[in-house]
Amino acid sequence: MARVLQPFEFIEAAGVKEAVAALSQPGTRLFAGGCDLVPAIRRGQVRYDTLVSIMKIEGLSEFSSHPKVGVKIGAQVLLSRLVNDIWVGKRWAALHEAVEQLYPPHIRNMGTVVGNLCAAVNYYDVPVSMFAHRAVLTLSDGTTSREVGIDDFYTGGRGTAVGAGEMVTQIDLPPPAADAGSAFKKIYKARRRADDLHKINAAAYVALDEAKEKITDATLVIGCVGDSPLRITAAESALVGQVAGDEAFNSAAEMAVAAVQPMTDAGWVEEIRSDWIRILARDVLAQAASRALSRHDPAEDAHLAY
Amino acid sequence: MSKRIGTFNVNGKNADTIVEPQMLLVDVLREKLDLTGTKRACAAGNCGACTVLADGDPICSCITLAVAAEGREIETVEGLRAADGTLHPLQQAFIDHCAAQCGYCTAGMLMTAKALLEANPRPTREDVKRALSGNSCRCTGYVKIIDAVMDAAQQINAAKEVAA
Ligand SMILES: Cc1cc2nc3c(=O)[nH]c(=O)nc-3n(C[C@H](O)[C@H](O)[C@H](O)COP(=O)(O)OP(=O)(O)OC[C@H]3O[C@@H](n4cnc5c(N)ncnc54)[C@H](O)[C@@H]3O)c2cc1C
């Protein structure tokens, strides 16, 4: 049989406690959809003696979305579950776009949302959108759980805040402000040389005041420029109080360019990188703001309140 | 769980075979169950040649562990034609439109298209393009493939109307 994987054991855990207990053995790793793990094992990048599947654990498949309550995504929820969700599309547009533009579409039927975040791969799209929506992850050891904001989730390299004897059980996205919008965009192309620029992705969240003129809150995130998505905090605080328009967005885009450290020695790569960051930062902000403006009267949501 | 007998529900029938945890679904289908219609090409989930349906949704069998597919309803290209040998309208349309050249991507194209037509019986060309965006073809340039899927959709809908 051609190209088999290195042998390993496969355990289907029945509960969170059992799953994290199994992890105490060296060479053991949690397994969800396997989209990240299986190719990595095949390439020989990682080697495990035992994979512990979490897909049979009860209570981890919860998914709900409500514009006033937020989005809840259990650890078994596949990416495809988000694509046709009406509220994710309307109020968590950056997340919707990140998943909708995920290529190839088959992966959406196989990979989990949580697995995409936990893989801690710096060019993935879903984490960038999760930064824009200020996601909160629930980490559990089967008895007690704690919450970690996405800002504190990535710890450098491919490390995450998931400690020994813990797993992520859920992601929560807080409800956006009444007049808020978000957007995600990416630019990518085939890499022809090892030092070629391959991809940049970006997401933004913009909330407007009651007059729908001035920005009251903003998040701007750029991905593929470090170990994990980078929040452009200087731009975020500069945007607050400004009129939502080209001037504000262009200067925020310049701040994004300035905030990203040069990554290669090749001058031409840096030049393209700066251009891409500038374009993406400006466009996600402008689109997020336009979605905030075009939002229908919040009173129309009244029937959805409790 | 190491080496043991696994039960796979493929094309509506249960099949028992020896599986090990590290075996991939595409290998079990091809090597153990003799269902060689499913192809393996990039082996990394990028090209769609290995597409099979799991509970109706297209997945890449080249990066799916076989043990994780147990208990799911798997459909492969071998299950498309009817019991009496009549080709599925998609298969017939691919022939009529010459939508295959080397044929290596065809099984994957057919399975992804089947899932599309089940979810959306009246797709636009744009819907077809989007659905097939994870299935690469290096011969045809896609035009005839899209023509074939559009035609098959019409055939299926026409047959349904006659039956109703
Ligand atoms: C061909 C291909 C194309 C892709 N394209 C894109 C793209 O365009 N954009 C994009 O954003 N992504 C893309 N991806 C990434 C894909 O979305 C992720 O690999 C997938 O979502 C990971 O989820 P999984 O369930 O398969 O995780 P697994 O592979 O099972 O696990 C991934 C990692 O997360 C850990 N893990 C899983 N669940 C938990 C948990 N509950 N708690 C703690 N740790 C956990 C595992 O131990 C492992 O280290 C692509 C992947 C492939 C194979």
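Student: What are the domains of chain A, and where do their bounds come from?
Tutor: This is a predicted model, and chain A is divided into domain 1 (9-53), domain 2 (63-173) and domain 3 (180-294). Those bounds come from an automatic or database domain assignment. The C-alpha centres of domain 1 of chain A and domain 2 of chain A are 19 Å apart.

Student: How do you know that domain 1 of chain A and domain 2 of chain A are in contact?
Tutor: Contact requires heavy atoms within 4.5 Å. By that rule, 10 residues of domain 1 of chain A are in contact with 16 residues of domain 2 of chain A. About 920 Å² is buried between these two domains, with carbon and sulfur atoms giving 67%. On the domain 1 side, A:Val20, A:Cys35 and A:Asp36 supply 46% of the area buried against domain 2 of chain A, more than any other three residues.

Student: Why is the pair A:Arg158 and A:Asp36 called a salt bridge?
Tutor: The cut-off is 4 Å between a side-chain nitrogen of Lys or Arg and a carboxyl oxygen of Asp or Glu. The side chains of A:Arg158 and A:Asp36 meet at 3.3 Å, N to O, so the pair qualifies under the 4 Å rule. Across the interface of domain 1 and domain 2 of chain A, the rule finds 1 salt bridge.

Student: What makes B:Glu75 and B:Lys114 a salt bridge?
Tutor: Their side chains meet at 2.4 Å, N to O, and the limit is 4 Å, so the label applies here too. In chain B, the domain assignment gives domain 1 (4-79) and domain 2 (89-163), and the count between these two is 1 salt bridge. Domain 1 of chain B and domain 2 of chain B bury about 1100 Å² between them, 60% of it on carbon and sulfur atoms.

Student: Why is the ligand site called shared between chains?
Tutor: The site is shared because residues from chains A and B surround the ligand. There are 33 surrounding residues, and the closest are A:Leu30, A:Gly33, A:Cys35, A:Thr112 and A:Asp125.

Terms used. Residues numbered from 1 in each chain as written. Chains lettered and ligands numbered in written order. Predicted model: local features only at pLDDT ≥ 70, side-chain atom pairs only at ≥ 80, totals over all residues. Heavy atoms only, no water. Buried area = accessible area lost by both parts, 1.4 Å probe. Near = heavy atom within 4 Å.
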